[in-house]
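Here is a short note for a colleague who is meeting this structure now. The points follow one another by topic.

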Amino acid sequence: MRKGVTAPLVEAEIKRGTDVQVVLDDALIAAMEEVGNLFADGTYFVPEMLMAAMEMKSGLEIIRPILTASGVPPRGTVVIGTVRGDVHDIGKNLCIMMLRGAGFEVVDLGVDTSADEFLDAVDEHDAQVVGMSALLTTTMPNMALTIESFIDEGVRDDVRIMVGGAPVSQAFADEMGADGYVKDAME
């Protein structure tokens, strides 16, 4: 894997007349899926995953304006952030790139995100999905507190809530009432 090769290749394919959606699906997303498989089997590690994600981002920057100009509507809006007390964002950032690549509009709330910030962003952007990330076991309870805030505000049924992060499990997601759990950005 070499740095700086993706954007020129994407530009060349577009100039050649290849459909932008084909470049996105059959090149960028397919390549990230392969990187995810290599990561899962221990061939690639976090640095390789990050480099691949940066390369995908460079390709997406070329494709996004073309898709926008063609009037292709986003598949939906996702609000995503690392929960209160946690400042780790590598996994979240990888998820953002994958979601954008899959056609979603993504609102990145960053790190150390409070329940109120999640609620306000969902309201402001009319989001259908909330993504919460935690790397520290000590911050995982803030996922549950955020879900409780959505219940208290009477908007829990208006969004689907996804959770993830190294210490998070399907059992924990089920226990706190999340709609979905992912172990990594590729999933």
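1. Start with residue classes: Ala, Val, Leu, Ile, Met, Phe, Trp, Tyr, Cys and Pro count as nonpolar, Asp, Glu, Lys and Arg as charged, and the others, Gly among them, as polar. By that scheme the lining of the second largest pocket has 10 nonpolar, four polar and four charged residues.

2. The model is predicted: local features need pLDDT of at least 70, side-chain atom pairs count only at pLDDT 80 or more, and totals for chains, interfaces and linings use all residues. Residues are numbered from 1 along each chain as its sequence is written, and side-chain values use heavy atoms, with hydrogens and water left out.

3. The second largest pocket has a volume of about 380 Å³. Of its 18 lining residues, the closest to its centre are Leu67, Pro74, Arg100, Gly103 and Phe104. A pocket here is an open set of points on a 1 Å grid over the protein atoms alone, where a 1.4 Å probe fits, with protein on both sides within 12 Å along at least five of seven lines; lining residues have an atom within 4 Å of a point. The volume is the space filled by probe spheres set on the points, which are joined across faces, edges and corners.

4. Which elements supply at least two residues each of this lining? They are α2 (20-40), α3 (46-69), α4 (90-101) and β2 (105-108). α3 gives the most, with five residues. Helices (H or I, at least four residues) and strands (E, at least two) are DSSP runs, numbered from the N terminus.

5. The structure holds five salt bridges. Each is a side-chain nitrogen of Lys or Arg within 4 Å of a carboxyl oxygen of Asp or Glu.

6. Asp108 pairs with Lys92 in a salt bridge, the closest N and O atoms being 2.8 Å apart. The pair links distant parts of the chain: Asp108 is in strand β2 and Lys92 in helix α4, 16 residues apart. Is Lys92 buried or exposed? Lys92 is buried, at 2% relative accessible area. Asp108 is partly exposed, at 37%. Buried means under 20%, exposed over 50%, partly exposed in between (1.4 Å probe, protein chains only).

7. Asp112 and Arg84 also meet in a salt bridge (3.3 Å, N to O). Asp112 sits in the loop between β2 and α5 (115-125), and Arg84 in the loop between β1 (77-82) and α4. Asp112 is partly exposed at 30% relative accessibility, and Arg84 is partly exposed at 38%.
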